[in-house]
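Subject: Structure for your review

Dear colleague,

Please find below the structure that I am handing over to you. My notes on it follow directly after.

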Amino acid sequence: MIYEVIKIEEDIDFGCEERSDDQPLLAVVTLKNSAGETIVRKFPDRELENEQIQSKDRVIIDENGKLCKALEEDWTKNCTPKTVDVQKFVSMMEAVKAGQEIDWKCPFCGEEVKRLEQEDGHTVIGCTSCDMRINLENH
């Protein structure tokens, strides 16, 4: 699911004690989905900085619970071996192609990615919600 970042605040609620040195600094993020529902979640502040997430950004929560910017129409220009774990991506495609159920979230809308079709040497992997599709030829 795609959310809009409404607000990002520093997490200052540590109860009766202060934050210990081994705890990461957290940010409290208020998100709103397309139905107008809001959720509030805590994410490591460093991750938000690394992803350059700010108010008004369109984001998803990935399969690891990490907040990531939703991909835009020109997403391919940002795909390099430095930004994409190619081995992980290929492993996930092979697992889905083999019919395994895995936790893979669509980078466009945050919904489930799974095998949609497989016949006559052709496999289609895609999102169950949006039109993201990967067409593979079986060799």
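Two residues are taken to be in contact when heavy atoms of theirs lie within 4.5 Å. On that basis, among contacts in the protein between residues at least 6 apart in sequence, 38% join residues at least 24 apart. Please bear in mind throughout that this is a predicted model.

Overall composition

The protein has 139 residues, and 29% of them count as buried. Its accessible surface comes to about 9,600 Å², with 45% of that area belonging to carbon and sulfur atoms. The secondary structure consists of two helices and eight strands, and along the sequence these follow the pattern β-β-β-α-β-β-α-β-β-β.

Strands of a sheet pair through backbone hydrogen bonds, in either a parallel or an antiparallel manner. Here, five strands make up an open sheet with antiparallel pairing, and their order is E3-E2-E1-E4-E5. Strand E3 (38-44) and strand E5 (67-69) are at the edges; each has a single partner strand, so one side of each is left without a neighbour in the sheet. From one strand to the next, the twist averages 45°.

Thr30 belongs to strand E2. The residue is buried, because its relative accessible area is 14% and the limit for that class is under 20%. Apart from neighbours within four places in sequence, Thr30 is in contact with Glu4, Val5, Ile6, Lys7, Ile39 and Val40.

Salt bridges

The model contains five salt bridges by the rule applied; I describe some of them here.

One of them joins Lys42 and Asp11, whose closest N and O atoms are 3.3 Å apart. Lys42 lies in strand E3, while Asp11 lies in the loop between strand E1 (3-10) and strand E2 (26-33), so the pair ties together parts that are 31 residues apart in sequence. Lys42 counts as partly exposed at 46% relative accessibility, whereas Asp11 counts as buried at 5%.

Another salt bridge is formed by the side chains of Glu51 and Lys66, with an N to O distance of 3.4 Å. Glu51 is in helix H1 (residues 45-51) and Lys66 is in the loop between E4 and E5; the pair thus links distant parts of the chain, 15 residues apart. Glu51 is partly exposed at 27% relative accessibility, and Lys66 is partly exposed at 28%.

The side chains of Asp57 and Lys69 also meet in a salt bridge, at 3.7 Å from N to O. Asp57 sits in the loop between H1 and E4, and Lys69 sits in strand E5, so this pair ties together parts that are 12 residues apart in sequence. Asp57 is buried, with a relative accessible area of 18%, while Lys69 is partly exposed, with a value of 33%.

Is Lys97 buried or exposed? With a relative accessible area of 17%, Lys97 is buried. The residue is found in helix H2 (residues 86-97). Leaving aside neighbours within four places in sequence, Lys97 is in contact with Arg115, Gln118, Thr123, Ile125, Leu136, Glu137 and Asn138. The C-alpha atoms of Lys97 and His122 are separated by 9.8 Å, and these two residues are 25 residues apart along the chain.

Residues with positive phi

Most residues other than glycine have a negative phi. Which backbone angle of Gln52 has a positive value? For Gln52, the angle is phi, which is near 55° in a residue other than glycine. Gln52 is found in the loop between H1 and E4 and counts as exposed at 55% relative accessibility.

Asp120 likewise has a positive phi, near 50°, and is a residue other than glycine. Asp120 lies in the loop between strand E6 (113-119) and strand E7 (122-127). At 77% relative accessibility, Asp120 counts as exposed, because the limit for that class is over 50%.

With kind regards

Definitions and conventions:
Residues are numbered from 1 along each chain as its sequence is written. This is a predicted model: local features need pLDDT of at least 70, side-chain atom pairs count only at pLDDT 80 or more; totals for chains, interfaces and linings use all residues. Side-chain values use heavy atoms; hydrogens and water are left out. Two strands pair if DSSP finds at least two bridges between them. Helices (H or I, at least four residues) and strands (E, at least two) are DSSP runs, numbered from the N terminus. Axes are lines fitted to C-alpha atoms, for helices over the stretch in contact, and angles run from 0 to 180 degrees between N-to-C directions. Buried means under 20% relative accessible area, exposed over 50%, partly exposed in between (1.4 Å probe, protein chains only). A salt bridge is a side-chain nitrogen of Lys or Arg within 4 Å of a carboxyl oxygen of Asp or Glu. Accessible areas come from the Shrake-Rupley method with a 1.4 Å probe; for residues, only the protein chains shown count as cover.
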